[in-house]
Amino acid sequence: MSITLNDLILVGTKLAEGFNVTLQIFALTLLFALPLGLIISFGSMSKIAIIKYPIKLFIWIIRGTPLMLQLLVVYYGPSILFGVKGLSNFPAVIITFVINYACYFSEIYRGGIESVPKGQYEAGQVLGLKKSQTFFRIVLLQVVKHIVPPMSNEIITLVKDTSLARTIMLYEVIWAGQKFITSRGWLWPLFATAVFYLLFCGILTLLFGYIEKKLDYFN
Amino acid sequence: MSNKILEVKNLSKHFGKTKVLMDINFSMEEGQVVSVIGSSGSGKTTLLRCINMLEVANGGKIYLDGNLFIDADSGMKYTQKELREKQLSLGLVFQDFNLFPQYSVLENVTLAPRLLAKERPDYKERKKEILHEIEENAKEILASVGLSEKLNNYPCQLSGGQKQRVSIARALALKPRVLFFDEPTSALDPELTGEILKVIRQLAAEHITMIIVTHEIDFAYSVSDKVIFMDKGVIAEEGTPDEVLKNPKNPRTQAFLQKLS
Ligand SMILES: Nc1ncnc2c1ncn2[C@@H]1O[C@H](COP(=O)(O)OP(=O)(O)OP(=O)(O)O)[C@@H](O)[C@H]1O
Ligand SMILES: [Mg+2]
C-alpha cells in the first residue's frame, strides 16, 4: 500500500477539520471550567453546611461516574426523561465537559488554597494588609505554584477526553480519522490522529514546564 | 494619665468550654521590655494573639497610650478598617517566621509599607520619593539586623536565624508602638538562638517597647524590666527579673524554674 501526496493532503485537511472541533471543545471547556471550578471550590470549603455538603455530594457524583455516561445523560436525558427537545450535540458536549472539569479543577484549587499555611494570612493581617491584598499579594502566587503540576495533568487529560465527544456524534478528530475506514478502507488516518494529540500535548507540556520553572525560585 | 503605653485589664478568653485566659491584668511603660514565661499550654500565645487581635477576647479591656484599644466587654465587633488600623500600631514576630516565600528579603520588609503608602493623600504626586524612602528605611533596618548582604535573597535561601531576623525587620518597618515576640527562638537550632537574642537586646537598648514570650530564662533575666509568669491561664506571679526569676514567691513559679534548670 502506498500513500500518495494527494491522499495525505485529503486526510490532513479532514483531520484538521476534526481537530478544529477538538480544539474548540478544549478551549471552551477551559474558559468556563477554570472560573467555575474556583467558585465550586469556595463552595466546598464553605463554613455553611447547606452549601458545603450538597456541593461535596455533587463533586463526588461527577468524579465518581464516567464522563461518557454524563455525556449520554445530558444529551439523551431531557428527551427520554421529560419528553422535551434536548440540546444539540455541541452544546451538550461543552456543558458536560465544563461541569465535569470544573469539579476536578475545584478539588485542585481546594488543595492549593489549603496548602497555604494559616500563618501567611496572619502575617498579612498583623502587617495591616487588607484581606484582598493578602489574597492577591501573598496567597495567590503560592496557590498557583502549588496547582500547576496537577492542573497540567488534568488539562492534558482534557485534550484526550475531548475524543469522547464522538459518543454523541460530534465530529471531532478521531471520528474524522475513523471515517476513512468505511469510506476508503484506510486504517492509517485513524492512527495519524495521534500526531495531532501528541503535538498538542507536547506544546502544553512545554508550556507548563516553563511555568513551573518560572515559579521554581521559591518554595 | 500615666505614661503607660499598654494596659491590659481583666482580659479573658475561652475556646468553647476551655478557659485559656482568666482575668489577665498587667501594664507596661514606654521603652520597657516585658518577658512572659510559663509552661506549655499556660496561655502565653493566646495572650499575644488576643492583644494583636488574631483572636477575639471574650472579656476585658486593653488600653494603648491611655486610649481604649480593645473593648472585649462591650462585645462589639470592629470593622475591617478599624481592625487594620489597630493592628498597624502593634507588631508581632511569629515563632515560625511566616515570611512570604515569593518575595525577596527586601520585598518582605517593604511590602506592607508600600501598600500602606498607597493610602496617603500625597501618594500620587510623591510616589517616587515615598517608595524611595520606604526602601531606604527597609535597607537601614535590615542593615541593623545584619542582613545587608541578603537583600535580594529569597527566604528559602536563608538560615532559620536569618529568616527570623527578616521577620523582625519586617515588623519594625511599620514602627509599631509595641513589638511582640512569640518564642522567637523556639524554631531555631540552639546555635542560632544567639543571633536573635542579640538583635532583641539591641532593640531593647534602643528602647523599643517589647513583650517577649520566651523559654530562655537567662535571656529574660538580663533583658527584661518585668517578668510575667503564667500558669493555667492566669498571671501567677509578676515583678522584676530578680523577684520572679531569682526569688520567686509562688510555689508554682518555683516548680517551673526548678524544672528548667
Ligand atoms: N484555636 C484554639 N482552639 C482551641 N483551643 C486552643 C486554641 N488555641 C489554643 N488553645 C488551647 O489554649 C491553651 C493555651 O494555649 P497557648 O497556645 O496560648 O499556650 P502557650 O502558653 O503558648 O503554650 P506553648 O508554650 O506550648 O506555646 C491550650 O490548652 C491550647 O490547647
Ligand atoms: Mg505558645
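What share of the contacts in chain B with a separation of 6 or more comes from residues 24 or more positions apart? The figure is 65%, where a contact means heavy atoms within 4.5 Å.

Some ground rules: this is a predicted model, where local features need pLDDT of at least 70, side-chain atom pairs count only at pLDDT 80 or more, and totals for chains, interfaces and linings use all residues. Residues are numbered from 1 along each chain as its sequence is written, chains are lettered from A and ligands numbered from 1 in the order written, and side-chain values use heavy atoms, with hydrogens and water left out.

On confidence, chain B averages a pLDDT of 94, with 99% of the residues at 70 or above; pLDDT is the predictor's confidence in each residue, from 0 to 100. The model scores ipTM 0.94 and pTM 0.88.

As for architecture, chain B has nine helices and 10 strands, taken as DSSP runs numbered from the N terminus (helices: H or I, at least four residues; strands: E, at least two). Its C-alpha trace spans about 60 × 45 × 35 Å along the principal axes.

Now for two loops. B:Asp65, between β4 (59-64) and β5 (67-71) of chain B, has a phi near 50°, positive despite not being a glycine. B:Glu183, between β7 (178-182) and α6 (190-205) of chain B, is another non-glycine with a positive phi, about 45°. B:Asp65 is partly exposed at 35% relative accessible area, whereas B:Glu183 is buried at 12% (buried is under 20%, exposed over 50%, partly exposed in between; 1.4 Å probe, protein chains only).
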